Amino acid sequence: MALEAAGHLSEETLSLWKREQARLKALLVDRDTEAWQRDPAFSGLQRVGGVDVSFVKGDSVSACASLVVLTYPELEVVYEDSRMISLTAPYISGFLAFREMPFLVDAVHRLQEKEPNLMPQVLLVDGNGVLHHQGLPCIGVAKKLLQVEGLENNAAHKEKIQLLHAGGDTFPLMGGSGTVLGMALKSHDHSTKPLYISVGHKISLEAAVRLTHCCCRFRIPEPVRQADIRSREYIRRTLGLSGPPVPGQERNQKGPKSKAHPKGGSAEPAEENRHPEDPSKGPGTDPEAP
């Protein structure tokens with residue numbers, strides 16, 4: 001894997017990844033499977049999870065994988081697992097999950113062993129639809145449009161974005177095949193850029209969009225936002241880096257909580273410690289996942 005970590009991927013490994021993607025796609029369930037998903041108020045939903053991976057600045061191998069669990073609808077953090085990791089697979093467009101997901105799956109396994117009562121009922125992932133190994137309902141939340149099946153961030157797309165006036169407004173992402181691949185969502189009244197929501201597993205697109213909107217205090221849904229904040233703060237603490245506290249964190253014994261965003265303004269964590277070669281980890285988000 002040394003060569004692969006340096007940015008090379010053997011044809012054999014790529015073939016294995018493609019076969020695994022096809023296998024997972026065949027197992028995907030894109031309908032609501034839980035009673036709470038079909039309730040307009042999501043009654044019965046008590047815990048939502050979020051995952052993210054942040055990189056050490058200037059290092060394409062060292063990173064921090066973070067899993068957080070929040071109460072719903074309060075959106076207060078009740079569990080955090082952040083730890084340093086060494087990535088062994090290169091970033092290959094279309095196969096990011098094979099680079100990062102094994103570490104996030106490990107975090108879910110640790111949670112299941114240590115605090116099974118805190119297992120999330122749904123998991124939000126910084127990226128496009130992911131079929132989670134644990135079989136959890138899962139939602140892909142991307143900050144950048146994945147340009148596949150004829151989808152383009154062109155003038156027509158930007159015009160549609162301008163028509164999103166209030167938080168909760170959406171428009172469908174229609175692929176060249178005529179299939180709706182996801183939804184563009186204005187997640188907050190004061191957001192200027194939409195999120196791109198796609199079904200991961202065991203949830204409908206409609207429920208995924210509504211839940212993502214309900215989890216947004218800022219542009220980014222709180223489970224993903226907190227995973228990002230905490231992974232970057234963990235890197236800062238672990239490596240003894242100096243600098244101001246990561247935005248959105250408050251000091252208390254249970255860990256940081258984010259405040260409601262003031263009317264008329266917006267606040268998001270700074271984009272830092274993202275992989276320089278991965279367009280998904282800068283202004284965007286992970287491009288693809290199986």
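Colleague: What is the order of the strands in the open sheet, and how is their pairing described?

Modeller: The order is β3-β2-β1-β4-β5-β8-β7-β6, an open sheet of 8 strands with mixed pairing. Strands are DSSP runs of E with at least two residues, and helices are runs of H or I with at least four, numbered from the N terminus; two strands pair if DSSP finds at least two bridges between them. This is a predicted model, in which local features need pLDDT of at least 70 and side-chain atom pairs count only at pLDDT 80 or more, while totals for chains, interfaces and linings use all residues. Residues are numbered from 1 along each chain as its sequence is written, and side-chain values use heavy atoms, with hydrogens and water left out.

Colleague: Why are β3 and β6 said to stand at the edges?

Modeller: Each of them, β3 (77-86) and β6 (170-174), has a single partner strand, so one side of each is left without a neighbour in the sheet.

Colleague: What joins β2 to β3?

Modeller: Strand β2 (residues 62-71) is joined to β3 by 9 bridges, and the two run antiparallel. Within this pairing, Cys 64 stands opposite Met 84 in β3.

Colleague: Why is Trp 17 called buried?

Modeller: Buried means under 20% relative accessible area, exposed over 50%, and partly exposed in between, with a 1.4 Å probe and protein chains only. Trp 17 has 9% relative accessibility and therefore counts as buried. Phe 95, also at 9%, counts as buried too.

Colleague: Which residues of α2 are exposed on the face turned away from its buried side?

Modeller: That face carries Glu 11, Glu 12 and Ala 26.

Colleague: What makes the pair of Trp 17 and Phe 95 tilted?

Modeller: Rings of Phe, Tyr and Trp (its six-membered ring) pair if their centres lie within 6.5 Å; planes under 30 degrees apart count as stacked, over 60 as edge-to-face and the rest as tilted. The centres of Trp 17 and Phe 95 are 5.8 Å apart and the planes stand at 35 degrees, so the pair is tilted. Trp 17 lies in helix α2 and Phe 95 in the loop between β3 and α3 (96-114), so the pair ties together parts 78 residues apart in sequence.
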